[in-house]
Amino acid sequence: MRKPLGLLAAVIGLAACSPSTGGAQGGLSVASPEVTAPSGEATPASTPTREPTPEPSPESDDCRVSVASPAVTARTIQASAARRDCVRPALLRIRLKRAVPGEDRVVKSGSARKDRLTLKMDCVPGTYYAVATDYRNGTAASKAVRLTCATPTPTPAPARTPASTAPKTKEPATSVGTSLENQVVRLTNAERAKGGCDPLTHDARLRRAAAGHSADMAKNDYFDHDSQDGRDMTDRIRATGFSGSAWAENIAKGQRSATEVVRAWMDSEGHRENIMNCSYTHIGVGAVKASGGQIYWTQDFGAR
């Protein structure tokens, strides 16, 4: 699935917002390509419960209580609840609970006599859910979600100037990333040459964004364009200091080699469009192996 202006493609389990299991050969997953500027994060809301009004009223008071799953915004955990279609006022309370062994703990609570209420607390990693109580119409609980806290933006590493006496390696002195990641860049540029596109430059900042996302997916066992701390592709790229006029991303997991992952991306229409888009000038590739041996792959593209 594609978005306008800043291309974001994802492979092998690509899902511009949610992973899809489909399509790559050998049972490997391929995600929908992600393209364009960042989209707003959607906070999943639980299904509101519906309780009958305790006493008849001349007015309709089909009041519903809903509560959204906790989410992280600017290193702050937020949970919101609402009373909908309510005629009569009532006290609305939110309890933010952390799932722990034994009885779950209430880590924050608040109440107000209003129809909307938001609760905030400093971010501490863990699994949380929210419970909202309308003292006239009932209670609703959100889904439990695992939250991580965004780390400060890393300082860009200074460029390394190799000593003139250093022996040549397989990679050019100006290359960034591992030999496996640079092989993905070479194979990607070989495919672009077939379509008349100029080669992409392997950029250290785009590579940092790509490698960071692959490492996060490998460590936390998920597969999505959106990080679990709420950031999307554009957030991660901008955090490195890279600026440009367009961005895109391909992700994949399970391919065992650079040749295999580039072939899988080229076999997927959306991911191939990102690779063969001649407007892109720079690329960053991240390849990180999870503890189980599966490799998570990320390509970040940028135009300048």
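Ala 144 lies in the loop between strand 12 (138-141) and strand 13. In this predicted model, Ala 144 counts as exposed because its relative accessibility is 51%, and the cut-off for exposure is over 50%. Beyond residues up to four places away in sequence, Ala 144 touches Thr 127, Tyr 128 and Tyr 129. The C-alpha atoms of Ala 144 and Thr 127 are 6.4 Å apart, although 17 residues separate the two along the chain.

Helix 2 spans residues 204-220. Its 17 residues reach 24 Å from first to last C-alpha, close to the 24 Å expected at 1.5 Å a residue. Asp 203 caps the N-terminal end of helix 2. A side-chain oxygen of Asp 203 lies 2.9 Å from the backbone nitrogen of Arg 205. Just after the helix, Asp 221 adopts a positive phi of about 55 degrees.

The buried residues of helix 2 are Leu 206, Ala 209, Ala 210, Ala 211, His 213, Ser 214, Met 217, Ala 218 and Asn 220. In general, an α-helix has 3.6 residues a turn, so residues three or four places apart point the same way. The buried residues of helix 2 pack against strand 13 (145-147), helix 3 (233-239), strand 15 (246-253), strand 16 (282-289) and strand 17 (295-303).

Ser 214 belongs to helix 2. Ser 214 counts as buried because its relative accessible area is 0%, where the limit is under 20%. Apart from neighbours within four places in sequence, Ser 214 contacts Gly 286, Ala 287, Val 288, Tyr 296, Trp 297 and Thr 298.

Confidence was also examined. The average pLDDT of the protein is 76, and 71% of the residues score at least 70. Residues 1-28 have a pLDDT below 50, yet this stretch has 144 contacts in the model beyond near neighbours in sequence. Residues 151-174 also have a pLDDT below 50; this stretch has 10 such contacts. Where pLDDT is low, the predicted coordinates should not be read in detail.

Technical notes. Residues numbered from 1 in each chain as written. Predicted model: local features only at pLDDT ≥ 70, side-chain atom pairs only at ≥ 80, totals over all residues. Heavy atoms only, no water. Helix = DSSP H or I, 4+ residues; strand = E, 2+ residues; numbered from the N terminus. Expected span 1.5 Å × (residues − 1). Buried < 20%, exposed > 50% of the residue type's maximum accessible area, 1.4 Å probe, protein only. Contact = heavy atoms within 4.5 Å. Polar contact = N/O pair within 3.5 Å; in protein donor to acceptor, adjacent residues only side chain to side chain. pLDDT = per-residue confidence, 0-100.
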